[in-house]
Amino acid sequence: MNVSMIAAMGKNRVIGKDNDLPWHLPDDFKYFQETTKGHFVIMGRKNWESLPHKFQPLPGRTNLVITHRNDYQAGGALVFNTLEAALRLARDKSEREAFIIGGGEVYRMGLPHADTIYLTEIDGEFEGAVTFPEFSEEDWTEVSRHHHKIDDRHAFSFDFVIYKRR
Ligand SMILES: NC(=O)c1ccc[n+]([C@@H]2O[C@H](COP(=O)([O-])OP(=O)(O)OC[C@H]3O[C@@H](n4cnc5c(N)ncnc54)[C@H](OP(=O)(O)O)[C@@H]3O)[C@@H](O)[C@H]2O)c1
């Protein structure tokens, strides 16, 4: 099974502020939906709680939530106490590509497991306490990059980048 991470970050690595995204980029949201459709998606409890109710669970995907709590209920999602247990289920169900979809704590935990990173690199700096972990060019190679311009619906330009572990 391929383990992938998918995230969007600013130039200063910020990915989140006050349990929300610091930007509104509909084509990035569309890319996230298309890339993860039909797959297992693994997220932290805070990311789960930040989803609008109509996207709990994210439709057309098997939603897995990670928490330390034993009695946590996430309607429409499966709850695990470790990332490893969530990945094990995905493997047992013959998933070919499981996606770690954040937030910051779960990306940090997921990085050693990941084979691929789908990273939207936004041309802006943002305020916010949650960041994407640093990863080294020694370990990762860029395999594709597609630019998206500023337009009426997007206040920032950005690149859809895919990195693979060397
Ligand atoms: N830009 C992006 O691509 C993107 C994507 C996703 C999310 N976000 C943003 O990221 C922010 C949320 O990220 P976050 O770092 O605050 O939280 P998070 O990673 O979504 O969730 C953190 C929670 O995960 C659970 N957890 C963490 N490590 C664990 C472990 N080792 N074992 C068991 N459970 C563990 C804990 O839940 P308990 O406290 O319940 O134990 C912890 O509080 C939001 O602002 C969101 O909008 C951005």
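Modeller: Helices (H or I, at least four residues) and strands (E, at least two) are DSSP runs, numbered from the N terminus. With that, strand β3 (residues 40–44) pairs with β6 in the parallel sense over two bridges. This is a predicted model, where local features need pLDDT of at least 70, side-chain atom pairs count only at pLDDT 80 or more, and totals for chains, interfaces and linings use all residues. Residues are numbered from 1 along each chain as its sequence is written.

Biologist: OK, and which residue does V41 stand opposite in β6?

Modeller: V41 faces F99 there. F99 is also the bridge partner of S4. Strand β1 (residues 2–9) runs parallel to strand β6 (residues 97–100), with four bridges joining them.

Biologist: What's the order of the strands in the whole sheet?

Modeller: The open sheet has eight strands in the order β5-β4-β3-β6-β1-β7-β10-β9, and its pairing is mixed. β5 (78–80) and β9 (140–148) are at the edges with a single partner strand each, so one side of each has no neighbour in the sheet. On average, neighbouring strands are turned by 20 degrees against each other, direction ignored. Axes here are lines fitted to C-alpha atoms, for helices over the stretch in contact, and angles run from 0 to 180 degrees between N-to-C directions.

Biologist: Which strands does helix α1 touch?

Modeller: Helix α1 (residues 26–36) packs on the sheet and touches β1, β3, β6, β7, β9 and β10. Contact means C-beta atoms, placed from the backbone, within 7 Å. The direction of α1 makes about 170 degrees with that of β1.

Biologist: Now the core. Which residues touch the most other members?

Modeller: A7, M9, I42, F99 and I100, out of 37 residues in the largest nonpolar core. A core is a set of buried Ala, Val, Leu, Ile, Met, Phe, Trp, Tyr and Cys residues joined through C-beta atoms within 7 Å. The largest share of this one, six residues, comes from β1. Leaving out residues up to four places away in sequence, A7 touches I15, G102, Y107, L119 and F132.

Biologist: Switching to the ligand, which residues come nearest?

Modeller: G16, G44, G102, G103 and G104, out of 27 residues around the ligand. Near means a C-beta atom, placed from the backbone, within 6 Å. β1, β2 (14–16), β3, α2 (45–50) and α4 (104–110) each supply at least two residues of that shell.

Biologist: What's the phi of D18?

Modeller: Positive, about 50 degrees, although D18 is not a glycine. D18 sits in the loop between β2 and α1.

Terms used:
Pairing = 2+ DSSP bridges. Buried ≥ 20, exposed ≤ 12 C-beta atoms within 10 Å, placed from the backbone. Contact = placed C-beta atoms within 7 Å.
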